[in-house]
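The sequence and structure are shown first.

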Amino acid sequence: MQAPPSAPGHAAPPAGAAPGDAPGPDPGADRHRGRQLQDRALVLPLVAVFLFMPPAIRLFAGPQTLLGLPVIVLYVFGVWALLVLCAFRLSRGLARGGEAP
Amino acid sequence: MTRRVLIIEDEPNIIESLAWLLGREGFDVTSEQDGGAALDRIARETPDLVILDVMLPHCDGFEILRAIRAGKDTARTPVIMLTARGQARDRETAEKLGVDLFITKPFLNSHVVESARRLAARAEP
Amino acid sequence: MISSNLIIGVCTAYVVLLFGVAFLADRRARRGRLDWLQSPLVYTLSISVYCTGWTFYGAVGSAARSGLEFVAIYTGPVIVFIGWWWFLRKLVRIGRLQRITSIADLVSSRYGKSNTLAVLVTVLAVVASTPYIALQLQSLTLSFTVFAPAREGIPPDGAGFWIAAGLALFTILFGTRNVDANERHHGVVTAIALEAVIKLVALVAVGLFVVFGLGGGPGEVFADMPPALTAPEGFGARWLTITFLSGAAVVCLPRMFQVTVVENVDERHLATAAWAFPLYLLLICLFVLPIAVTGLRLLPPGANPDMFVLTLPLMAGQDVLALVALIGGFSSATSMVIVATIALSTMVSNHIIMPIWLRLTLRETKTSGDVRSMLLISRRASIIVLLLLGYLYFRLSGSSTALASIGLIAFAGVAQILPSLVAGVFWRGATRRAALAATACGFAIWVYTLLLPSFEAGLGAPGLLANGPWGIAALRPHALFGLEGVDPLSHALFWSMSVNVAVLVGVSLVTLPSPLERLQAALFVDVFRMQTAAPGAYIRRYATSEDLFTLAQRILGTEPAHRLFTELARDQGLSSGLPRPDDALIERLERELAGAVGAASAHAMVGQIASGETISMGALISIADETAQIVEYSHRLEEKSRELEETAAELRLANMRLQELGAQRDAFLAQVSHELRTPMTSIRSFSDILRENRDLPPEQARRFLGIISDESQRLTRLLDEILDLGFLESRRVAWELEQVDLEDVLDRALSATEALTARSGLRITRSARQRDAQVMAQRDRLAQVFINLISNAVKYAGPDAALTLTIRAERGGITVDVADDGPGVPDSDREQIFEKFARARGLYDSRGAGLGLPISREIMRNFGGDLTLRASRRGAIFRVYLPRPGTEAAQRAAAAPGSGSTAGAATGAMPPRAAAADDSAPGLG
């Protein structure tokens with residue numbers, strides 16, 4: 001006569017439900033990673049807009065140079081290269097993550 | 001030689017009927033209502049036959065049966081068990097413990113008396 | 001010096017090479033060996049058709065004039081492509097599922113397959129692209145004049161014409177091979193990809209030479225750069241405007257839409273282009289500024305910066321490099337013209353020529369393949385006309401305007417499509433009328449504020465810019481409504497986009513879309529939620545299979561139509577004959593035909609032979625509400641799963657309860673059996689003795705009969721108690737409580753047990769009478785409780801024991817302690833004695849079956865009170881508790897008499913309470 005034994009298996013949450021917070025092998029983690037990857041893909045262009053648009057970009061404009069090169073030139077092409085790198089890594093992840101939904 | 005029978009039973013009226021029946025057969029009848037005390041008496045008196053109720057205050061009949069079978073002088077003492085519970089499981093338990101006869105209450109007088117006579121005779125030698 | 005013959009030779013050889021590549025690729029594709037033709041690399045390279053002659057020559061010019069401003073023409077595309085997950089992905093998916101042939105087709109298809117809209121977009125695209133094509137011709141001829149000053153051989157205009165003619169031929173040969181515009185032009189795309197490589201290599205080669213050959217390293221090159229080129233002022237409104245325009249253009253320019261969406265064969269290619277195309281642009285741009293700076297430093301002040309790419313190598317005597325650069329520029333310009341004319345000719349033929357022709361031939365006999373040949377002819381004609389238009393514009397406008405400004409005017413023109421496009425794929429509420437009005441308004445403002453002023457010199461209205469039409473200053477094209485001090489491009493963009501978006505939103509909010517519009521809107525906006533393009537047929541139409549086949553034949557040609565219908569029939573599970581003309585088939589056929597003639601024309605043509613078109617309202621509503629449904633459905637699903645879990649838990653609990661109850665019932669039955677068999681054993685044994693021994697002494701016989709009688713009464717009492725307990729526990733009956741005086745009840749119980757107590761010698765002490773001992777109870781039942789307790793004491797406390805009754809009034813209730821000085825109850829058994837048949841378990845030594853204590857406790861709980869055994873060092877102290885009348889507990893007990901005991905049942909998982917106090921009824925020995 002004791003309290004009901006802890007219910008054996010709160011059966012796995014049905015598909016579509018919020019990812020469980022159960023420890024151990026977490027089936028929700030993969031789904032979350034996938035969603036996170038998509039979120040990053042959505043955020044990246046916003047970052048690009050921020051970095052390429054005034055006022056952020058104006059901080060680097062002007063005659064100052066670094067190693068003999070104008071800072072603004074380094075900034076623009078540096079950000080550009082960085083964005084390409086991020087897009088590269090993201091697109092590989094998204095392409096591997098199965099057919100784009 | 002009179003055969004001594006010990007009745008271990010908590011119902012005085014049942015003791016009285018058994019005592020009357022067995023006494024008429026020439027048994028030397030003693031009785032004990034308390035399970036705990038019964039063990040001492042068995043060891044002390046080494047009766048020729050024990051009639052044992054299953055449900056007893058302070059000690060259940062199976063414990064007493066086990067003690068009888070474990071005792072050096074009483075291991076071969078015939079034991080008749082009486083029960084009012086009438087559950088098959090009890091019979092199995094009793095037989096496993098080495099009971100000689102298992103009778104469900106209410107019993108037939110002649111059945112108890114004849115069994116007692118037969119078992120006591122076997123214990124005689 | 002390079003002779004013009006050499007130039008012509010090289011260019012011709014290059015053109016031959018392009019033809020060869022396109023021919024081989026086409027042949028390879030037709031043999032089905034697509035492998036690398038369909039690689040993401042080729043796809044990405046074909047997208048670089050964005051970089052035209054304008055980029056190749058004009059970017060350096062722009063950099064020489066305005067510094068880093070030229071970069072803004074690429075930041076837009078970079079942002080759009082690395083943000084492909086937002087927008088391009090959706091466009092590509094829609095394009096594939098709806099078999100979209102052009103941007104005009106997409107917009108018209110989205111807004112209810114409206115041909116008017118398609119015509120508007122087509123006209124806009126042609127108007128915006130004509131200067132752009134002219135720009136390419138201009139850059140080509142300009143580049144030739146660098147090599148071959150006018151005094152030598154070819155007149156520049158003549159060069160322009162022949163170039164245009166050559167491009168027309170190439171485009172017609174490789175761009176109109178298939179009638180299905182949705183099919184990939186492998187030959188063209190491969191040639192374009194090759195050109196992309198060549199222009200990149202050429203520009204990088206010139207750049208490397210300029211930086212390391214002429215400039216002496218990057219540090220040297222930038223050392224004497226004019227400071228104005230990196231001033232913060234360069235990153236103001238114009239920077240924003242150009243970024244926005246270039247971002248819009250990379251989607252809306254017909255040729256960009258063509259290569260990105262229409263020619264896409266695999267959505268995953270877009271993932272590659274998302275980083276590879278920005279990388280390509282990065283490489284193209286890397287050397288633009290160094291070339292410009294070096295050109296400014298080394299070349300004479302009057303030199304045209306647009307031609308630095310050529311003039312710098314020439315100045316340094318690097319003829320081969322200059323030729324490479326020329327080929328690079330040639331590649332940039334030709335690839336743009338080729339793709340642009342393919343895209344535009346598709347639009348013109350599908351949306352303008354076809355509808356007119358269809359109307360004209362409505363009642364004529366229809367022959368197999370007539371539409372197909374008509375399509376091909378109209379496309380080829382369109383190509384020629386478009387190139388002719390470009391050439392004429394080039395001849396008329398002269399070559400005064402800087403390359404960059406012409407390009408930006410074109411950008412601003414096609415950007416007018418963007419609001420309707422974006423709204424079309426993200427907002428279901430956008431309507432056809434709104435898209436029409438918005439695009440038309442934006443178009444008109446663009447023409448007025450940007451296109452017209454670019455003709456100013458040619459239009460012969462020199463005062464227009466300065467004073468406005470008819471001298472109305474508020475209507476000056478570059479300062480509309482007094483908006484001054486803004487550069488013309490930003491000014492035009494501000495007005496056209498504001499009005500465009502405002503009209504689009506405003507009109508959408510007041511117009512009602514037709515069912516077909518709503519259907520298309522749902523299919524477009526929720527393209528990722530729809531598993532297939534046509535998840536069932538939404539449009540109900542009736543047509544015969546024969547008519548449908550004839551139609552397909554007319555458009556696709558006999559052979560392809562036959563293939564298509566065989567496939568359709570097979571999909572329906574038919575082995576031979578024509579497929580069933582159900583709604584799904586008609587819809588699919590329309591989509592296939594749309595790949596050739598565009599959605600609007602396909603819809604109109606199917607409409608000609610199909611009758612009774614209605615949109616299945618049920619289906620429409622179901623998909624129109626799909627989003628809401630999905631949200632709600634997942635919500636419901638979550639709720640349901642939670643409910644299910646709860647139910648499962650409840651069921652588990654209930655099951656355990658049942659098992660428990662089952663076990664309790666078994667135990668109870670075993671106990672009842674025991675308690676019934678015990679008296680029956682004596683009865684049977686003694687009655688047998690009496691029957692079989694007639695000669696018993698009368699005294700003994702009487703004694704035996706007495707035992708039989710006693711045991712029979714015990715049996716009866718036991719049955720009564722079991723029934724009573726069952727009745728108490730069932731709580732089916734509401735108890736009528738009355739106000740009773742506790743002292744009176746005690747009097748009654750004591751007198752009832754007087755005989756019993758006297759016999760046993762029990763001494764009873766009673767506390768002083770309470771004056772106010774009113775409780776809510778039933779007199780008889782309450783007395784029964786005390787009688788039980790007193791008899792209990794008689795039985796267990798031993799002979800000559802003392803019993804004390806103490807009444808105490810407490811807050812909210814009255815307690816009566818019944819204390820004896822007997823052996824008491826071990827602490828461990830204190831609760832168990834209230835269980836039924838506790839005696840049988842060896843607890844609380846007693847003789848009877850007694851259910852007295854459990855019954856007493858049940859009674860007390862029915863009164864809203866309780867019966868407990870208190871802890872004590874010696875003797876047993878039973879405490880009876882009763883709430884006072886008027887208290888909550890009493891009211892509760894009165895209102896729902898069962899409630900008192902729910903507490904008891906809820907205490908647990910313990911078996912129903914009952915216990916041993918045997919012979920509880922008074923007066924029994």
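The model under discussion is predicted. Five helices and five strands make up the secondary structure of chain B. Along the sequence these elements follow the pattern β-α-β-α-β-α-β-α-β-α. Of its 125 residues, 53% count as buried. Among the contacts in chain B with a separation of 6 or more, 60% are between residues 24 or more positions apart.

## The interface of chain C with chain B

Chain C contributes 27 residues to its contact with chain B, and chain B contributes 23 residues. Between them the two chains bury about 2,300 Å², with 52% of this area on carbon and sulfur atoms. On the side of chain C, the residues that lose the most area to chain B are Arg677(C), Thr681(C) and Arg684(C), which together account for 22% of what that side buries.

Two salt bridges are counted between chain C and chain B. One of them joins Glu16(B) to Arg703(C), with the closest N and O atoms 2.5 Å apart.

Two elements of chain C give two or more residues to the side that touches chain B, namely helix H30 (626-692) and helix H31 (698-730). The largest share of that side comes from H30(C), with 14 residues. By class, the side of chain C that touches chain B holds eight nonpolar, nine polar and 10 charged residues.

## The interface of chain C with chain A

Chain C also meets chain A, with 48 residues of chain C in contact with 48 residues of chain A. The area buried between these chains is about 4,100 Å², of which 78% is on carbon and sulfur atoms. Ile82(C), Trp85(C) and Trp275(C) supply 17% of the area that chain C buries against chain A, more than any other three residues.

The count of salt bridges between chain C and chain A is zero. Polar contacts are present, however, in five residue pairs with both members at pLDDT 80 or more. Several elements of chain C give two or more residues to the side that touches chain A, including helix H4 (72-82), helix H5 (88-97), helix H10 (218-223) and helix H11 (237-252). Helix H13 (267-286) and H30 of chain C are also among these elements. H13(C) gives the most to that side, with 10 residues. In terms of class, the residues on the side of chain C that touches chain A divide into 33 nonpolar, seven polar and eight charged.

The size of an interface is often given as the accessible area lost when the parts come together.

| Interface | Buried area | Share on carbon and sulfur atoms |
|---|---|---|
| Chain C and chain B | about 2,300 Å² | 52% |
| Chain C and chain A | about 4,100 Å² | 78% |

## Backbone features

Most residues other than glycine have a negative phi, and most peptide bonds are trans. Which peptide bonds in chains A and B are reported as cis? In chain A, the bond from Pro54(A) to Pro55(A) is cis, with omega near 10°. Pro55(A) is placed in the loop between helix H1 (27-52) and strand E1 (65-66) of chain A. In chain B, the bond from Lys105(B) to Pro106(B) is cis, with omega near -5°. The loop that holds Pro106(B) runs between strand E5 (101-104) and helix H5 (109-123) of chain B.

Positive phi values are found at Thr46(B) and at Arg99(C). For Thr46(B), which is not a glycine, phi is about 35°. This residue belongs to the loop between helix H2 (35-45) and strand E3 (49-53) of chain B. Thr46(B) counts as partly exposed because its relative accessibility is 26%. For Arg99(C), also a residue other than glycine, phi is near 50°. Arg99(C) sits in the loop between H5 and helix H6 (103-110) of chain C. With a relative accessibility of 17%, Arg99(C) counts as buried.

How values were computed:
Residues numbered from 1 in each chain as written. Chains lettered and ligands numbered in written order. Predicted model: local features only at pLDDT ≥ 70, side-chain atom pairs only at ≥ 80, totals over all residues. Heavy atoms only, no water. Contact = heavy atoms within 4.5 Å. Buried area = accessible area lost by both parts, 1.4 Å probe. Salt bridge = Lys/Arg side-chain N within 4 Å of Asp/Glu carboxyl O. Helix = DSSP H or I, 4+ residues; strand = E, 2+ residues; numbered from the N terminus. Nonpolar A, V, L, I, M, F, W, Y, C, P; charged D, E, K, R; others polar. Polar contact = N/O pair within 3.5 Å; in protein donor to acceptor, adjacent residues only side chain to side chain. Buried < 20%, exposed > 50% of the residue type's maximum accessible area, 1.4 Å probe, protein only.
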